[in-house]
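Hello,

Here is the structure I promised to pass on to you. Please open it next to this email and follow along as you read.

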Amino acid sequence: MRTFLFDEFSEVSAKQWKQKIQFDLKGADYNETLVWESNEGIKVSPLYHQDNFEALEIPVIKKQYAICQSIFVSDEQTANFLAKDALKRGATTIQFEANEPFDVLELFKELVIPAETGVHFKLQFLSESFLADLIAQTKGHKVFLNIDLVGNLAKSGNWFYDLKQDHSILENTLKNAPELLSTLSVDASLYQNAGANNIQQIAYALAHANEYLNHFKEQDALSTAIEKIQFQFSVGSNYFFEIAKIRAFRYLWKLLCDDYNIKDAATVFVTPSLRNKTLYDYNVNMLRTTTECMSAILGGATTISNASYDVVFHKKNEFGERIARNQLLVLQDESYFQEAAQFANGSYYIEALTKQFAEKALNLFKDIERSGGFIKQLFEGTIQRKITESATKEQAQFDDGSLVLLGTNKHPNQDDKMKATIELYPFVKTNPRKTLIKPIIARRLAEKLEQERLAEEA
């Protein structure tokens, strides 16, 4: 019979712990002194105990996360070489990004993608003929097309063509897709990078996905569509909150699937947030992305694509991409995170956060559905307004120093000069144009401060 280390100690109840804490406070109020509230309205206690423990049934992830290398396709031969090199150096899957059609055969020439992880695409255009060619030329691969009509509307303010034509292309693509093809995407990373809080991100991802579910239910193709959705999230540096965010989403997605009488576990593609990345003291970005990738793993991400430390101001380069990839390899091979999606199970604090996130996000999701759905709220400007309110609050906290980005608004190195090293414009670009709705714009917290510092550089 096993003897546990603490068996000789008597159990202490949650009530006894709280009484001891209250005694040590010497009359100060427990809630006012030690309980704090997050921007989402989550109350965080100093004490979590088995007496108050209630775990949600989070779907089990049975395999380790895939390490993804993102490659932009401007030249097929170059992208092909970079993909082969990344796979040779430890990546287990590739995401190809493109703004226009490309030669699929040239891109995939002698390229061997691991069958269990597949290959991802992030296309900034919608072409039925190109998609048909892509599907035909990638047979034998597990392909994630990641078509997101609603996400494009939210980001650009317009459909690719119009509502009817966009959905027609999507429906035809679904019909022509091979069995292992994952077609749809719900890109919730936009909401995080624009400043939405964690509750909003979860609820918006669900409501965003539900637009597709409702559409395909009407087309009598729901079971086909729901199995072909991949969710994309960005994670910030609030370590435990980000773990709870992904776990709460996975739990709620299961509830939503149950409501449609379909069994499906969420496929979650995660990238670190750009919102908290900085131009100055940029090496701190490596620390941020490390904890963010850890949150993604513990939350149950199926695929992770890390961001390089210089992503804000440098073009993609071999050194930055290698460091980003190696961060994931170190976590997977040297830090015992191979199959860590269940490590958070049973943690009283994380379980309590997950439960609060799930409850609040579910209520917000229901409010969106009662008011007509996600697209309706986009056209009314409600989603944009709520994200702006959250982003403005967070920006004010950064500006007054209560939200700290080390090396930027706390302990900055005033001798740090960046003007000569910038290869990419690191701030929000404005492109006035006619749109159907107000687009949701991603914005980094440090932009205003960095612009002021750049202007002062000699």
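All seven of the seven residues in strand E8 (residues 229–235) are buried, so E8 is largely enclosed by the rest of the structure. Here, buried means under 20% relative accessible area, exposed means over 50%, and partly exposed is in between, with a 1.4 Å probe and protein chains only. The names of helices (H or I, at least four residues) and strands (E, at least two) stand for DSSP runs, numbered from the N terminus.

Before going further, two notes on the model. It is a predicted one, where local features need pLDDT of at least 70 and side-chain atom pairs count only at pLDDT 80 or more, while totals for chains, interfaces and linings use all residues. Residues are numbered from 1 along each chain as its sequence is written, and side-chain values use heavy atoms, with hydrogens and water left out.

**The barrel**

Back to E8: Ile229, Phe231, Phe233 and Val235 point one way, Gln230, Gln232 and Ser234 point the other way, and all are buried.

What does E8 pair with? Strand E7 (residues 182–187) runs parallel to E8 and is joined to it by four bridges, with Gln232 of E8 as the bridge partner of Asp187. Strand E9 (residues 267–272) also pairs with E8 in the parallel sense, over six bridges, and there Gln230 stands opposite Thr267. Two strands count as paired if DSSP finds at least two bridges between them.

E7 has a link to strand E6 (residues 143–147) too: two bridges join them, and they run parallel. Phe144 has Ser182 of E7 as its bridge partner.

Now zoom out. Eight strands close into a barrel in the order E3-E4-E5-E6-E7-E8-E9-E10, with parallel pairing. From one strand to the next, the twist averages 30°.

**Helices lying across strands**

Helix H3 (residues 76–88) lies across strand E3 (66–72) and strand E4 (93–98), and runs at about 155° to E4. Helix H12 (residues 284–299) lies across E8, E9 and strand E10 (303–305), at about 170° to E9. For these angles, axes are lines fitted to C-alpha atoms (for helices, over the stretch in contact), and the angles run from 0 to 180 degrees between N-to-C directions.

**Helices meeting helices**

How do H9 and H11 cross? The axes of helix H9 (residues 198–218) and helix H11 (residues 239–259) come within 10 Å and cross at roughly 30°. The two are therefore roughly parallel to each other. The cut-offs are: under 35 degrees is roughly parallel, over 145 roughly antiparallel, 65 to 115 roughly perpendicular, and the rest oblique. Among the residues making the contact are Gln201, Ala205 and Leu213 of H9 and Lys245, Phe249 and Trp253 of H11. Contact means heavy atoms within 4.5 Å. By class, the residues of this contact divide into eleven nonpolar, three polar and two charged. Ala, Val, Leu, Ile, Met, Phe, Trp, Tyr, Cys and Pro count as nonpolar, Asp, Glu, Lys and Arg as charged, and the others, Gly among them, as polar.

Gln201, found in helix H9, counts as buried because its relative accessibility is 2%. Not counting residues up to four places away in sequence, Gln201 touches Ala188, Tyr191, Gln192, Ala196, Phe233, Ser234 and Lys245.

H12 and helix H13 (residues 318–333) have axes that come within 10 Å and cross at roughly 45°. H12 and H13 are therefore oblique to each other, and their crossing is right-handed. The contact involves residues including Met286, Cys293 and Ile297 of H12 and Ile323 and Leu331 of H13. It has seven nonpolar, three polar and no charged residues.

**Two residues in H6**

Is Leu153 buried or exposed? Leu153 lies in helix H6 and, at 0% relative accessibility, counts as buried. The C-alpha atoms of Leu153 and Ile440 are separated by 9.1 Å, although the two are 287 residues apart along the chain.

Lys155 lies in helix H6 (residues 149–156) and counts as partly exposed, at 46% relative accessibility. Lys155 and Ala442 are 287 residues apart in sequence and 8.7 Å apart in space, C-alpha to C-alpha.

Happy exploring!

Key:
A crossing is left-handed if the near helix is turned anticlockwise from the far one by less than a right angle, and right-handed if clockwise.
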